[in-house]
Amino acid sequence: MTSTIRNRTAAIGIATVVGLAGLGLATGPAMAADASPADSSSQSTDSDVGTQSVYYPTDPVTYADELVRAWGQGDTDRVEAFSSSQVAEKLKAHSDDEATHWTRVGSEGAAGTTYVDYENTVTGEKMWLGMPTEAVVNPDDEWGTPNAVHKVNFED
């Protein structure tokens, strides 16, 4: 029982920190290199509680921002944690010197999918990411939904 209480307390604390970090994201651009891995990661130091290296946000826009940041930082493990293998490969193939210059410019939902739009502030290129809204908002796991971003598209 004590372990369950600790798990739930840790999850609430993490959700609070991530929620507050998400508030900061909602008010400004989503520059890929601005966030440190500590913004959405947690690790337990208590040996009774299993470690969890990635906490997945339950807000689709924040979820997409985390993926863009990880991509901009060259964090392949986090990119693979937040996206399908097809999206991870497409992002890897598209990496360049301007990968840290993506700013969120909008988002919309259609047919059960949330699309989050970005623009590269250096090249003017546009990108959108798509993920199933319900799977992100109501995850099956207390840590969230891994590999949710299943669509990516680039436009000049």
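In which strand does asparagine 120 lie? Asparagine 120 belongs to strand S2, which covers residues 113-120. The structure is a predicted model, in which local features need pLDDT of at least 70 and side-chain atom pairs count only at pLDDT 80 or more, while totals for chains, interfaces and linings use all residues. Residues are numbered from 1 along each chain as its sequence is written, and side-chain values use heavy atoms, with hydrogens and water left out.

The protein chain has five helices and four strands. Along the sequence the elements follow the pattern α-α-α-α-β-β-β-α-β. The protein chain contains 156 residues, of which 38% count as buried; buried means under 20% relative accessible area, exposed over 50%, and partly exposed in between, with a 1.4 Å probe and protein chains only. Among contacts between residues at least 6 apart in sequence, 59% join residues at least 24 apart, where contact means heavy atoms within 4.5 Å.

Asparagine 120 counts as buried because its relative accessibility is 2%. Its side chain takes part in polar contacts (pairs of N or O atoms within 3.5 Å; within protein, one atom must be able to donate a hydrogen and the other to accept it, and residues adjacent in sequence count only if both atoms are side-chain atoms). The side chain of asparagine 120 reaches the backbone oxygen of glutamate 98 at 3.0 Å. A polar atom of this side chain also lies 3.0 Å from the backbone nitrogen of threonine 123. With neighbours within four places in sequence left aside, asparagine 120 is in contact with Glu98, His101, Trp102 and Glu125. Of these, histidine 101 is placed in the loop between H4 and S1 and counts as partly exposed because its relative accessibility is 26%. The C-alpha atoms of histidine 101 and threonine 121 are separated by 5.5 Å, although the two residues are 20 apart along the chain.

The largest nonpolar core has 27 residues, and those with the most contacts inside it are Tyr63, Trp71, Leu91, Tyr118, Met127, Leu129 and Met131. Such a core is a set of buried Ala, Val, Leu, Ile, Met, Phe, Trp, Tyr and Cys residues joined through side-chain atoms within 4.5 Å. Two or more residues of this core come from each of H2, helix H3 (76-82), helix H4 (85-94), S2, S3 and S4. H2 supplies the largest share, seven residues. H2 is mostly covered, as 13 of its 13 residues are buried. From its first C-alpha to its last, H2 reaches 18 Å, close to the 18 Å expected at 1.5 Å a residue; the expected span is 1.5 Å times one less than the number of residues. Glycine 74, with a positive phi near 70°, follows H2. Leucine 129, one of the core residues with the most contacts, is in contact with residues beyond four places in sequence that include Ala64, Leu67, Tyr118 and Val152.

Strand S3 (residues 126-132) and S4 run antiparallel and are joined by five bridges; two strands pair if DSSP finds at least two bridges between them. Methionine 127 stands opposite phenylalanine 154 in S4. In a regular strand the side chains alternate between the two faces of the sheet.

Several loop residues complete the description. Valine 54, in the loop between helix H1 (2-26) and helix H2 (60-72), is buried because its relative accessible area is 9%. Valine 54 and glycine 144 are 90 residues apart in sequence and 8.9 Å apart in space, C-alpha to C-alpha. Most residues other than glycine have a negative phi. Alanine 111, however, has a positive phi of about 50°. This residue is found in the loop between strand S1 (102-110) and S2, and it counts as exposed because its relative accessibility is 87%. Asparagine 147 also has a positive phi, near 55°. Asparagine 147 is found in the loop between helix H5 (133-137) and S4 and is partly exposed, with a relative accessible area of 39%.
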